[in-house]
Amino acid sequence: MVKERIILGIDPGTMIMGYSLILQKDKQLSLLRMGILKLKQYDNQALKLKKIFERVLEIIDEYHPDELAIEAPFFGKNVQSMLKLGRAQGVAMAAALYRDIPIFEYSPRKIKQSITGNGAASKEQVALMLQKIIKFDHLPDFLDATDATAAAVCHYFQRSLNIVGNNDETKTVKIPKGKKSFNSWSSFINDNPDRMI
């Protein structure tokens with residue numbers, strides 16, 4: 001029996017958001033699409049967030065992914081940049097939750113380690129390794145698209161190793177023994193409205 005799954009990968013950003021869709025058919029991976037959403041032309045932060053939400057919904061409605069793998073914001077010295085990046089990530093996640101898509105979040109280091117074996121690899125090194133893994137013809141002009149592909153492929157590798165949900169790199173909600181477990185934030189929220197503030 002052939003198992004097919006589409007994974008949407010997102011590299012969140014407030015200037016450029018990368019996205020990618022990969023198809024898993026048994027143990028074979030192929031690239032369906034990768035691209036970017038340019039946001040530089042919008043001065044208003046709220047408008048940028050609206051555009052991210054709308055574009056992620058469009059992608060989900062067109063390709064019907066089974067899961068979303070998203071890069072977590074990294075901790076840097078610039079608090080304002082981190083806040084903006086966190087908002088961009090949150091809006092992309094909200095769009096996936098709106099369509100009941102399970103979300104898996106990975107640190108930039110985890111993604112790089114998963115693709116290249118080196119958690120400090122450059123964007124170019126990640127992109128070149130991805131070319132070998134899923135065999136696409138040419139690198140895009142913006143490596144945000146390959147970063148999104150890397151998030152999706154990282155999630156595929158974690159799934160293949162059966163460690164999704166067993167570490168701090170993913171979104172799975174941990175529930176005390178004897179309690180019901182949930183495989184997505186949306187199912188947790190639906191069953192526990194009283195625990196939300």
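Is Glu54 buried, partly exposed or exposed, going by its relative accessible area? Glu54 is partly exposed, at 29% (buried is under 20% relative accessible area, exposed over 50%, partly exposed in between, with a 1.4 Å probe and protein chains only). This is a predicted model, where local features need pLDDT of at least 70, side-chain atom pairs count only at pLDDT 80 or more, and totals for chains, interfaces and linings use all residues. Residues are numbered from 1 along each chain as its sequence is written, and side-chain values use heavy atoms, leaving out hydrogens and water.

**View A. Lys50 and Glu54 in a salt bridge.** Their N to O distance is 2.7 Å (the rule: a side-chain nitrogen of Lys or Arg within 4 Å of a carboxyl oxygen of Asp or Glu). The two sit about one helical turn apart because they are four residues apart in helix 1 (helices are DSSP runs of H or I, at least four residues; strands are runs of E, at least two; both are numbered from the N terminus). Lys50 is partly exposed too, at 45%.

**View B. Arg55 and Glu58, also in helix 1.** Here the closest N and O atoms are 2.9 Å apart. Arg55 is buried at 15%, while Glu58 is partly exposed at 46%.

**View C. Lys25 reaches Glu4.** This salt bridge, at 3.6 Å from N to O, ties strand 2 to strand 1 across 21 residues.

**View D. The largest nonpolar core, 26 residues.** Such a core is a set of buried Ala, Val, Leu, Ile, Met, Phe, Trp, Tyr and Cys residues joined through side-chain atoms within 4.5 Å. Leu8, Ile10 and Met17 are among those with the most contacts inside it. Helix 1 gives the most, with seven residues.
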